[in-house]
Amino acid sequence: MSSEKQKRSDFFSEMRGCTLTMKNGWMRQAVKTDFRGGKDAPYLPNEKSPIVMILHGGGETNLCNLHHRKLAEEMASHLFKTQGWVTAIEPVAAVTDAISMGHSYENDPRIGAMGLSLFSREIFASSIVQQVEINRVDAVIIITGCDKTVAGGMLAASWLKDLPLVLVHGGTIRTGCSLAGKSIQIETAVEAAGRLAAGEITKDEYEDIILNALPSPGGCGVMATSNTLAVLASTLGISVFSSASTPAMDSNHVDVFAPKIEETRQAAEALVRMWNEHQTVGDIVDERSFSNVATMLHAIGGSTNAVIHLPAIAEGFGVPFGLEEIRAKSDTPVLLNLLPAGKFVMVDLYEKAGGLPPLTRYMIEQGLLDPEAKTITGKTIGADVTDAPFPEFQDPETDVIRSVESPLKAKSSLVIVKGDHSNETTASIATRGCVFKVNAQQRILEGPARVFDIENDAVKEVLSGGINDGDIIVLRYQGVSVGCPELLRLTAALTGMGNDSRIAVVTDGRLSGVSRGTLVVHVEPEAWKGGPIALINEGDTVRLDGDTEELFVRVRADEMAQRKSAWKRPELTLPRGTMRIASQIVRPLEEGALWWPRD
């Protein structure tokens, strides 16, 4: 991919005429910018250099990604000053789940903004591929931030695996501070409504939390989907390794953090190395990479959403990987003491424990990760972290990184349930599978079903005190065919009222990585397709068992058959556009919710 080998962008020179003029036109304008050569810089066309594109989740409405343009400019400047490469910077429309969830307070999430969340992954990834292909780009950098941009960036990388490509994460948000001087963050904010309803905080305290919990740009500070996938992208070897744990902004909440700026230079240099050595991102990723990712997902106490995204990304890379491979690593102990399962936030991992590299080095030395997996540095993951400081274990209660002898949890809280265990007296609810996020204190729960078809109805019942200890909330018709919104408001209400360990949620939809409690998600077949979850009645006895990995309802087989014959799908008209298109073609969650049939 050096000057000795034909580049994709040679297309412009070969075609001559308008296309070459357009190329030189944008390159001339790009050179004459302050962050590259400056307004007086001469334009010296270099036909031997590659066309590079930096793509980011842009826009001024997206707090998570608000600083990404600055990061892109730093990379473009570095490439121009050190290599003479002129780089195109392109913003890509990105959904912010925090805003999308706000819409669902008054509307049915399935037909509102939150219904666009999961499907925005495909739109983000497809938009990247579209720009790269239309402009015959030779090498790519993708900046990731809010969770679907990390998933979409990783997915785009798998689709563009024949190119040199580097990811860099925009970084995590710092904690906010209440007017009373208390540290607050996204977890505090999402649970505030439940705490208000329970009388634990006043209306003024509630408003204080909502106003001050998110003080500056950056992804959610807890081990939610954004941070989970950022760590997994680094573990996969395709992202600047440290960027998964470095804060986005300085402690003044105004300036981009200097180490984050340094990571943009590392991204640029990694791309140059890949270009010069004719290496593509597909040359890096293999089965060892995904085996490490499965282990890391459990070790960090990661989001259930990763179980959706990883099979889709693996399919793009051509690596056989799915729920069974994730399940095979579920005995991994949880080693990060981060919210929502632990006590700390991602900034604490960086400031108190040195970030992701020390954790990774420790896991390698414990035999949990394969050190020979490749990375974008040109070295192995083991070589990348060989100089990282070793974690210092002092007190499990205050250690951000825990030892295997004193883990946060002895085994992963993510349980992959597969298989039909129905008999004459009980019916499996998820005959094609589901995912448990099991509370450490409550791995087994049996109780009466409280059945809802709309999240808002369930939230109102919780906040009014109508759900009792031991109840199993069954929230259905939330699956991938009808938008599959994240149901954070329901779990946040339960947690805020102190009920998350005594009341379970079973749903065919998704939950945010911020959610905690005894949770069952991704139930397949989904209710919209007539799965068993659609046949549960109010008051039926539901049992979930995280030890035996079973989920069933105590209803006889003949009774379930009668209910099936009488079942009718509810009326629901999805809005035109993404949601209506996706509902007709999307594959099940266990297959990654991709938009085309399996090859």
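To begin with, is Lys70 buried, partly exposed or exposed?

Modeller: Happy to! Please keep in mind that this is a predicted model. Lys70 counts as partly exposed, because its relative accessibility is 39%, which falls between the 20% limit for buried and the 50% limit for exposed. Its partner is Glu74, and the closest N and O atoms of this salt bridge are 3.1 Å apart. Both residues belong to helix α3 (residues 68–83), where they sit four residues apart, about one turn of the helix.

Glu397 makes a salt bridge with Lys343, with 2.7 Å between the closest N and O atoms. Glu397 is in the loop between α17 (381–384) and β7 (414–417), and Lys343 is in the loop between α14 (323–327) and α15 (346–353), so this pair ties together parts 54 residues apart in sequence. Glu397 is partly exposed at 44% relative accessible area, and Lys343 is partly exposed at 49%.

Next come Asp453 and Arg476, whose side chains meet in a salt bridge of 2.8 Å, N to O. This pair links distant parts of the chain, 23 residues apart: Asp453 is in the loop between β10 (444–452) and α18 (455–463), and Arg476 is in the loop between β11 (472–475) and α19 (488–496). Asp453 counts as partly exposed at 29% relative accessibility, whereas Arg476, at 11%, counts as buried.

Finally, a network of salt bridges links Glu315, Lys418, Arg432, Arg587, Glu590 and Glu591. The count for the model comes to 40 salt bridges.

Conventions
Residues numbered from 1 in each chain as written. Predicted model: local features only at pLDDT ≥ 70, side-chain atom pairs only at ≥ 80, totals over all residues. Heavy atoms only, no water. Salt bridge = Lys/Arg side-chain N within 4 Å of Asp/Glu carboxyl O. Helix = DSSP H or I, 4+ residues; strand = E, 2+ residues; numbered from the N terminus. Buried < 20%, exposed > 50% of the residue type's maximum accessible area, 1.4 Å probe, protein only.
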